[in-house]
Amino acid sequence: MSTQPVVTDHVVVGVDGSDLALAAVDWAADAATLRGRPLRIVHASIWPQMRFPDTPVLASRILQGLRVQGEEYVATATTRAQARQPGLAVESEVIEGAPAPVLIRESRTADMIVLGHRGLGGFTGLLVGSVGVQLAAHAGCPVIVVRPHTLPPGPAAGTVVVGVDGSEESDAAIEFAFTEASLNEVGLTAVHAWRWPQSTEPGDMLPLVYDADVLAAEELRMFAESLAGWQERFPDVKVHHDQVRTRAGKALIEASPGAHLLVVGSRGRGGFTGLLLGSVSQAALHHADCPVAVVRS
């Protein structure tokens with residue numbers, strides 16, 4: 001008996017019945033179509049871990065209700081994705097388990113994972129949900145967090161914005177950003193922000209006195225070298241260079257309004273190696289005015 005090969009390049013979207021989850025379905029369906037990938041819709045439910053009443057009949061009814069609710073979530077998302085992108089191959093599954101671990105497992109065989117920035121289980125005081133933060137820190141593929149005011153993908157969308165700092169994580173983000181800009185036929189805005197000599201390792205000794213002009217020239221050289229090869233590989237992408245002397249998180253957030261996507265590495269050259277998610281990527285997840293992609297090398 002022959003078996004079907006395991007699909008390892010699908011776009012995964014996590015749904016929980018919220019409006020932002022449905023916006024994530026739209027984004028994921030468009031992204032899957034542009035890439036020629038199938039779409040996988042996942043709802044994770046923690047019903048096996050919930051405390052139920054001691055009455056067996058009542059507990060059974062609650063459990064059945066949660067299962068039905070999960071199936072309704074994925075059915076609604078499937079209908080929406082197929083209506084948005086007719087002909088798109090869509091599969092769906094309700095999986096028992098907490099959302100973050102479930103989606104992290106899904107990321108091991110996914111091309112990317114898409115989710116809303118805060119779902120039904122979030123607290124209104126949180127700017128981005130805990131699932132999005134955990135996934136951005138631990139996923140094995142790029143994570144796209146869809147925020148409100150998202151522009152639809154395609155030629156009418158704004159530019160792709162990418163943060164550049166010369167790190168390995170930044171290089172991975174640049175590759176993803178150029179690919180996204182090319183697929184959507186939009187321009188790319190590369191942002192490099194600097195303020196003073198940066199520490200690359202804990203305990204580094206930094207100069208007390210430095211020449212600002214020399215430092216600016218060195219930063220500009222690194223900026224140009226980081227982009228040079230990618231511009232040759234993607235000649236169809238028009239690139240705008242934006243080098244500013246300010247905090248990186250601030251520069252990227254200010255560049256995000258009207259953008260199709262903001263792309264950042266999970267951790268840059270100024271971070272500590274023990275941290276899985278840097279301050280810049282966290283700032284982008286919490287405050288950007290467009291969808292955010294967090295890319296790991």
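A quick note on terms: buried here means under 20% relative accessible area, exposed over 50%, and partly exposed in between, with a 1.4 Å probe and protein chains only.

1. Where the model comes from. This is a predicted model, in which local features need pLDDT of at least 70, side-chain atom pairs count only at pLDDT 80 or more, and totals for chains, interfaces and linings use all residues. Residues are numbered from 1 along each chain as its sequence is written, and side-chain values use heavy atoms, with hydrogens and water left out.

2. Strand β1. Helices (H or I, at least four residues) and strands (E, at least two) are DSSP runs, numbered from the N terminus. Take β1, residues 10-14: 5 of its 5 residues are buried. That covers both faces, with His10, Val12 and Gly14 on one side and Val11 and Val13 on the other.

3. Who sits beside β1? Two strands count as paired if DSSP finds at least two bridges between them. β1 runs parallel to β4 (residues 110-116), joined by 4 bridges, and parallel to β2 (residues 39-45), also through 4 bridges. On the β4 side, Val12 has Ile113 as its bridge partner, and Val13 has Val114. On the β2 side, Val13 stands opposite Ile41. Going from β1 to β2, the chain passes through α1 in a right-handed β-α-β crossover; right-handed means that, with the strands pointing away from the viewer, the path from the first strand over the helix to the second runs clockwise.

4. Onward from β4. In β4, 6 of 7 residues are buried. β4 also pairs with β5 in the parallel sense, over 4 bridges, and there Val114 stands opposite Ile144.

5. The whole sheet. It is open, has 10 strands with mixed pairing, and reads β3-β2-β1-β4-β5-β10-β9-β6-β7-β8. β3 (90-96) and β8 (239-244) each have a single partner strand, so one side of each is left without a neighbour in the sheet. From one strand to the next, the twist averages 20°.

6. Helices on the sheet. Contact means heavy atoms within 4.5 Å; axes are lines fitted to C-alpha atoms, for helices over the stretch in contact, and angles run from 0 to 180 degrees between N-to-C directions. α5 packs on the sheet, and the strands it touches include β4, β5, β9 and β10; its direction makes about 155° with that of β9. α8 (residues 279-287) lies across β5, β9 and β10, and runs at about 155° to β9.

7. How do α1 and α5 pack? Helix α1 (residues 19-35) and helix α5 (residues 168-184) have axes 10 Å apart, at an angle of about 85°. They are therefore roughly perpendicular, the label for 65 to 115 degrees (under 35 is roughly parallel, over 145 roughly antiparallel, the rest oblique). Trp27, Leu34 and Arg35 in α1 meet Phe176, Glu180, Leu183 and Asn184 in α5.

8. Helix α4. In α4 (residues 130-138), the buried residues are Gly132, Leu135, Ala136 and Ala137. Among the elements covering them are α3 (99-107), β4, β5, α8 and β10.
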